[in-house]
Amino acid sequence: MSKEDLLLLDFWVSPFCMRVKIALAEKGLNYESKEEDLFGGKSELLLKSNPVYQKVPVLLHNGKPLNESAIIVGYIDEKWPSPPLLPACAYGRSQARFWADYIDKKVIDATCTVWRSTGEAVEVAKKDFIEVLKVLEEALGEKTFFGGETFGFVDIVAIPMASWFYASEKFGNFTVEAECPKLSAWIKRSMQRESVAKVLPDPEKVYDFVVMFRKMQGIE
C-alpha cells in the first residue's frame with residue numbers, strides 16, 4: 001500500500017476526521033493527510049469530492065472520493081478486512097451500526113449544546129448530555145469495549161468525542177468521570193491504544209478552539 005493510494009481531507013479538531021484516522025491506523029494503512037481551511041476557504045478538491053455537503057472528512061482511495069465518517073470507516077473495514085472492526089455475525093453488525101447512529105444523532109449534539117448554551121440553558125443542556133451518556137454507558141455495560149474484548153467500530157465512532165468532553169465539562173461545571181465512571185474508564189482504556197493516542201488532540205486545545213468558535217458565533 002503506497003501513500004499515494006489514500007488521501008484524507010482533514011481538519012484537526014473534527015471528531016469525524018479522527019474516526020477515519022483511527023480506523024486507518026487500526027488497519028496499519030499509510031495515507032496522506034491534507035488539512036483543510038474550513039474558515040478561510042475550502043479547497044477545490046474538497047468541493048469537487050463532496051459537492052453535496054462540502055464537509056470533511058473525505059477519503060480519496062485511488063482518486064475515488066468517499067464521504068461521511070461512519071460510511072468511510074465501514075468501507076475501510078470491508079476493503080481491508082483484517083483485523084475486523086465489525087462483528088462477524090449480521091446481528092452484531094446491526095447492533096454496532098445502531099449505536100454508531102445513536103452517537104451521531106444524540107451524543108454529538110448533546111456535547112455541543114452544553115458549550116453553545118448560556119445562562120440557565122446550560123443546566124438543561126448539562127442534564128440532557130449526562131442522560132445521553134448514561135444510555136451509552138449502559139450499552140457498554142461491563143464490557144472492555146463496546147463490541148466485547150476487542151476495540152472496534154463503535155469505539156472508533158465514539159472515542160473522538162472524548163476530546164470534546166473537556167470543553168463541555170468546563171462550560172457545564174461537571175465531570176464525565178463523576179457522572180459516568182464506567183464510560184470514563186472506557187475512555188482511559190481506549191486512550192492506551194496507539195491508534196487513538198496519536199490521533200486525538202489535547203482536550204485543552206479543543207477547549208481553546210471552542211472558546212474561539214463561541215466568539216465567532218457571538219455566544220457570550
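These notebook entries record what I looked up in a predicted model of a protein chain.

**Entry 1. Conventions.** I number residues from 1 along each chain as its sequence is written. I note that local features need pLDDT of at least 70 and side-chain atom pairs count only at pLDDT 80 or more, while totals for chains, interfaces and linings use all residues, and that side-chain values use heavy atoms, with hydrogens and water left out.

**Entry 2. Domains.** I looked up the division of the chain and found domain 1 (6-79) and domain 2 (90-217), with bounds that come from an automatic or database domain assignment. Taken over C-alpha atoms, the centres of domain 1 and domain 2 are 21 Å apart.

**Entry 3. Interface.** I next looked up the contacts, defined as heavy atoms within 4.5 Å. In domain 1, 16 residues touch 24 residues of domain 2. Between domain 1 and domain 2 about 1,700 Å² is buried, and carbon and sulfur atoms give 80% of this area. Buried area here is the accessible area (1.4 Å probe) that two parts lose on being put together, summed over both.

Entry 4. Five residue pairs, both residues at pLDDT 80 or more, are in polar contact across the interface of domain 1 and domain 2. A polar contact is a pair of N or O atoms within 3.5 Å; within protein, one must be able to donate a hydrogen and the other to accept it, and residues adjacent in sequence count only if both atoms are side-chain atoms. On the side of domain 1 that touches domain 2, the elements giving two or more residues are α1 (15-26) and α3 (69-79). The most comes from α1, with nine residues. Helices (H or I, at least four residues) and strands (E, at least two) are DSSP runs, numbered from the N terminus.

**Entry 5. Backbone.** I looked up the peptide bonds and found a cis bond between Val56 and Pro57, with omega about 0°. Pro57 sits in the loop between α2 (44-49) and β3 (58-61). The bond from Ser82 to Pro83 is also cis, with omega near -10°, and Pro83 belongs to the loop between α3 and α4 (90-116). Asn62, in the loop between β3 and β4 (64-67), has a positive phi near 50°.
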